[in-house]
Amino acid sequence: MRYGVALFPSKSFQEKINSYRKRYDTHYAWIPPHVTLKEAFELKDDEVEAAVRNIRELSSDLRPIRLVVTKVGSFYPVNNVIYLRVEDDPTLLELHERLNSARFIQDKPKYRFVPHITIAQDLSDIEHADVLDRLKMLEFRHEEIVDRFHLLYQTENRTWKIRETFYLGGE
């Protein structure tokens, strides 16, 4: 089964982000707005509990994350993804590093870690340029403390569901 690790911003900020995602993000219905901490990976059924224990161990001493969203960015020309930039936070970067060197994960990330929340993807080049220009004019400054992240699994209909929640700064 496919798994991933992500953190979700507050519901109120998700609602604001979703007002754009529902128009521009083909994955809108599959997962709420999130910061991907570990890209999708495969686990066998008998490996899941060990992975949960490993994630709990590797994150047990980490403090909550200061999530600061600052501006709109894009991964163009690599791909036509438009995102909200998340400022680097020491705990966020450390958690990402630990997850990507965890015992249960064999693959390495495809790209350098750029903390972000996707708001548009799968756009043509013309759509991408138009939407990016419009979104760059908007103010997206947001700040909050996030004290949890999640192990997610992908269902048969491609939606992502929470399998386990992990708390930062103690449970």
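**Figure 1. Aromatic pairs in the predicted model.** This model is predicted. A search of the whole structure finds 4 aromatic pairs. One of them joins Tyr20 and Phe140, whose ring centres are 5.4 Å apart. Their planes meet at 70°, so the pair is edge-to-face. For that label, the planes must be over 60 degrees apart. Tyr20 sits in helix H1, whereas Phe140 sits in the loop between helix H4 (125-136) and E6. Are Tyr20 and Phe140 buried or exposed? Both are buried.

**Figure 2. The pair Phe149 and Phe166.** Here the ring centres lie 5.2 Å apart. The planes are at 25°, so this pair is stacked. Stacked rings have planes under 30 degrees apart. Phe149 belongs to strand E7 and Phe166 to strand E8. The two residues are 17 apart in the chain, and the pair links distant parts of it. How accessible is Phe149? Its relative accessible area is 0%, so Phe149 is buried. Phe166 has 1% relative accessibility and also counts as buried. The cut-off for buried is under 20%.

**Figure 3. The largest nonpolar core.** This core holds 42 residues. Which of them touch the most other members? They are Leu7, Ile82, Leu84 and Phe149. Helix H2 (residues 48-59) supplies the largest share of the core, 5 residues. A second core is separate and has 5 residues, including Ala6, Phe8, Ile31 and Leu152.

**Figure 4. A close look at Ile82.** Set aside the neighbours of Ile82 within four places in sequence. Which residues does Ile82 then contact? Among them are Val72, Gly73 and Ser74. Thr118, Ile119 and Ala120 are also in contact with Ile82.

**Figure 5. A close look at Ala120.** Ala120 lies in strand E5. Its relative accessible area is 0%, so Ala120 is buried. Beyond its neighbours within four places in sequence, Ala120 is in contact with Tyr24, Asp25, Asn80, Val81 and Ile82. Where does Ile145 lie relative to Ala120? The two are 25 residues apart in sequence and 24 Å apart in space, C-alpha to C-alpha.

**Figure 6. The largest pocket.** The space in this pocket is about 1200 Å³. Its lining has 38 residues. Nearest the centre are His34, Thr36, Glu39, His116 and Thr118. Strands E1 (2-7), E2 (35-42), E5 (116-120) and E7 (148-154) each supply at least two lining residues. Which element gives the most to the lining? E2 does, with 6 residues. By class, the lining has 19 nonpolar, 11 polar and 8 charged residues.

**Figure 7. The second largest pocket.** This pocket has a volume of about 210 Å³. It is lined by 15 residues. Closest to the centre are Phe8, Pro9, Lys11, Gln14 and His150. Helix H1 (11-24), strand E6 (142-146), E7 and strand E8 (160-167) each give two or more residues to the lining. How many of the lining residues are nonpolar, polar and charged? The counts are 8 nonpolar, 3 polar and 4 charged.

How values were computed. Residues are numbered from 1 along each chain as its sequence is written. This is a predicted model: local features need pLDDT of at least 70, side-chain atom pairs count only at pLDDT 80 or more; totals for chains, interfaces and linings use all residues. Side-chain values use heavy atoms; hydrogens and water are left out. A nonpolar core is a set of buried Ala, Val, Leu, Ile, Met, Phe, Trp, Tyr and Cys residues joined through side-chain atoms within 4.5 Å. Buried means under 20% relative accessible area, exposed over 50%, partly exposed in between (1.4 Å probe, protein chains only). Helices (H or I, at least four residues) and strands (E, at least two) are DSSP runs, numbered from the N terminus. Contact means heavy atoms within 4.5 Å. On a 1 Å grid over the protein atoms alone, a cavity is a set of points where a 1.4 Å probe fits but cannot get out, and a pocket is an open set with protein on both sides within 12 Å along at least five of seven lines; lining residues have an atom within 4 Å of a point. Grid points are joined across faces, edges and corners, and a volume is the space filled by probe spheres set on the points. Ala, Val, Leu, Ile, Met, Phe, Trp, Tyr, Cys and Pro count as nonpolar, Asp, Glu, Lys and Arg as charged, and the others, Gly among them, as polar. Rings of Phe, Tyr and Trp (its six-membered ring) pair if their centres lie within 6.5 Å; planes under 30 degrees apart count as stacked, over 60 as edge-to-face and the rest as tilted.
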